[in-house]
Amino acid sequence: MIRFTSKGIYCVPGKFYLDPWKPVDLAVISHGHADHAHWGMKKYLCHHFTVNILRSRIGPDIHVQGIAYNEAVLINGVKVSLHPAGHIIGSAQIRLEYKGKVVVFTGDYKIQDDGLSTAFEPIKCHELITESTFGLPIYRWESIAMQNERLQAWIKDNQSNKKTSVFIGYSLGKSQRILNAVHEMGPVYVHYSIAKLNEAYSQAGIKLPPYRVADLKSDIKVLDNQIVLLPPALLDSQLLQKIPHSAHAICSGWMQIRGARRWRSADAGFAISDHADWQGLLQAVRGSAAEKVYVTHGQTATFAKYLNEIGIEAEEVKTQYGDEEDPQTQTTE
Amino acid sequence: MKEFATLINALDSSNKTNSKKEAILDFLDQASEKDKLWFLALMTGKRPKRSIAVKDLKEWTLEITGIPEWLFVECYAAVGDLAETLSLLLPPPSQLIEKSLSDWMAEIAAVQDAPVADKKAFVVRSWNALTTVERFIFNKLLGGSFRLGISAKGLINTIAHYSGNDASAVAHSIMGEWNPHEFEFEKLIHGAYSDTNLSKPYPFCLAYPIENEPEKLGPITEWQAEYKWDGIRGQFIKRSDDIHIWSRGEELVTPQFPEISEALQQWKGNFVLDGEILAVKDGRVLNFSELQKRINRKTIPKSLREEVPIAVYLYDIVELEGVDLRNQPLAYRRAQLEKLVAANADSALQLSPLVHASDWQSLYSIQAASREVNSEGLMLKKKDSAYHAGRKKGDWWKWKVNPMSIDAVLIYAQKGSGRRSAHYTDYTFAIKDGDKLVTIAKAYSGLTDKEILEVSRFVKQNSLEKFGPVRTVKPDLVFEIAFEGIGYSKRHKSGVALRFPRILRWRKDKTAADIDTLEDIKKLIQ
């Protein structure tokens, strides 16, 4: 039913693609991150919440259809439905059913419930196509409550040392999580690119805590001693240095490793991720009860080898999905 | 261990010297006397003997976690630090226990000679009572090695600030051998043990690379010039017939060079000398690769003593008959040194000859020919200079000959360790031998962070094979490798080894067809 092609993951009987990276007629999109939702498709199909993200990201005049979680549509005889992936707002696992056979493409996902994205639901299938960004057992996330506690403790420490707490996190998903976790500590200023995506949350009916849009050009002094959220593209910019008394923290799963924290030489690194950790990946694979697993991006070789060793047939496949959590591969949005 | 963990975390997460200093001062304010002493011992490399083998720690972790060994290897490659890999893999603790740093050190020392089963029980119990960060520190303590993101100089300045003493006095106070089980912190940093410690060396006086043309230094008559030897810088101490040889890395190397201590037995007087340990045969200084055969050996067989005879070329005298001469001018110290050497004629320790030139121009030609005597260039020292503790700009300069360089192609890459663990930063380079490629050098430094990312990306996309953490890379990227010396060696397939190889620049203008050949490179060997 599925073929891995140079344009993307292709559903043969349905004649459509899942998260393609080259222009095609019909693209079913798992979520709104740039490495999964490319420009140039004649038609897009995604979750309702992702529609506005695609419009603001790719263009207002794209042809896009939104559907709800668990709502099925029939395309050339293939039953297509979306199910919560818990990665970011509107993120979905794509379930395909054709002549009794079920394939699920996870897109990016996490098992932990961040309280903003609809929580991940395991879907039974015959074949599972999964990511493996953090597919090594060294990646084990702390509970969301503990992660939030650490962010708050860091702010508190900064406040007592008269420092400005600057968080660097991906503008779609991560920033909203941080905002949610820290807003009780004081007014939160966000970069306009984050504010723009915050609106997508509001339009979807998801209530975010109050925030202020930071005017970085004219009145940067206002930020002194406050809480600021910036996208990773600004990590190496002059701007960061212009913020008075700033201490900056990177929030990404990669920050689990001491070497990665020191490489970035941030003042703090928090291992907060919108991807599943090692146990999360295993849990998803087991929960799907799939007979065959395809591993798309991240630690593909390692994760596939391990699955085979524990008796789950798996192979790695080459895709062009990247890793939005890696501050190195960031581009400005 | 809470205070210590906080300190480690703070040192780790900042690259600003000032915040590191603050973190240490905070620690010194809060920690107990004993913890402070252990902190200092660990930071200055006075580590206790490793009490538990790495392979045991790894085995127990595999047992607890149930992960296969190959997966462990993958994890280690991604983390780049064994103690940290273990701490991340182990399951969360079931019950936290708080103990001080010195308590942990005492417990670790207590299992030193215990049977393996007892060691295992102790380690497993401890792992289960510590957070991930504390566990990482605990593993480091077991291993006995701890490198933290602060320089020796930064540490000494901080302690000087804390104790209200002069930095050079502190440096001297905490140098040399002292046992954390027997000493007291406050006494130590205030120099209470200095007089009684016969082995105690002085901080080495170091030079900066010369920045301008030497003639801009003023009249040549104010300067002393000598060869810059490429050996092991050392201090040679004889006090009350006790003999100690220290290397610049603050390691006692006395047993490695028996001919030096034997010669010093015969010398008269009490003194501390500064000089260079070199392999010298028939009055000629040998290539560093010869000296290397004598380093890090437990025993020195007689045949090796004959094959690679050792001598010391003396530069300076820092203490004579119990008197610290460091604040005397160099000209005075040199005269004292010459007097001492004259009174103890000996081929094992001799003066490093001065280089005489009446003007800068003639010094240039001597400098350019330095390699002919197997030296790296010249040292220029102001005749009225003191023997500073550490580096001070202006008085001592090193004037090295330009490095040699070759063009080589990248063929293996490996992820680095520590802060470099996220990227491919450790490279092996090859040159041409006929139509084959043969390895010649490994290099870790010389690229900017941005270039490292670019090379890393190339490695990911152009890996041909995988041997554990090592990737074989399509031979495509050419780099200019600079080095200080070259000699025959079995370490690399080419049969030659480079001294201090480092990447000078990435030659994006060249392809693998343009790299140097082994035949040409062998011509560089003296």
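Analyst: Let us start with what lies over the helix in question, α3 of chain B: the elements that cover its buried residues include α1 (2-12), α2 (17-30), α7 (101-110), α11 (167-174) and α12 (185-189) of chain B. Please keep in mind throughout that this is a predicted model.

The helix itself is mostly covered, since 8 of the 11 residues of α3(B) are buried. Those buried residues are Asp35(B), Lys36(B), Leu37(B), Trp38(B), Phe39(B), Leu40(B), Ala41(B) and Leu42(B), where a residue counts as buried if 20 or more other C-beta atoms lie within 10 Å of its own. After the helix comes Gly45(B), which has a positive phi, near 75°.

In soluble globular proteins, nonpolar side chains tend to be buried together.

The two chains also touch, with 19 residues of chain A in contact with 24 residues of chain B. On the side of chain A that touches chain B, the largest share, 6 residues, comes from α6(A), and by class that side has 9 nonpolar, 5 polar and 5 charged residues.

Stepping back to chain B as a whole, there are 19 helices and 22 strands, and 36% of its 526 residues count as buried. Its C-alpha trace spans about 75 × 65 × 50 Å along the principal axes. Because a compact globule with 526 residues would have a radius of gyration near 24 Å, the 26 Å of chain B agrees with that expectation. Among contacts in chain B between residues at least 6 apart in sequence, 70% join residues at least 24 apart.

Finally, a word on confidence: chain B averages a pLDDT of 89, and 98% of its residues score at least 70, while the model as a whole scores ipTM 0.92 and pTM 0.77.

Terms used. Residues numbered from 1 in each chain as written. Chains lettered and ligands numbered in written order. Predicted model: local features only at pLDDT ≥ 70, side-chain atom pairs only at ≥ 80, totals over all residues. Contact = placed C-beta atoms within 7 Å. Helix = DSSP H or I, 4+ residues; strand = E, 2+ residues; numbered from the N terminus. Nonpolar A, V, L, I, M, F, W, Y, C, P; charged D, E, K, R; others polar. pLDDT = per-residue confidence, 0-100. Rg over C-alpha atoms; globule rule 2.2 N^0.38 Å. Buried ≥ 20, exposed ≤ 12 C-beta atoms within 10 Å, placed from the backbone.
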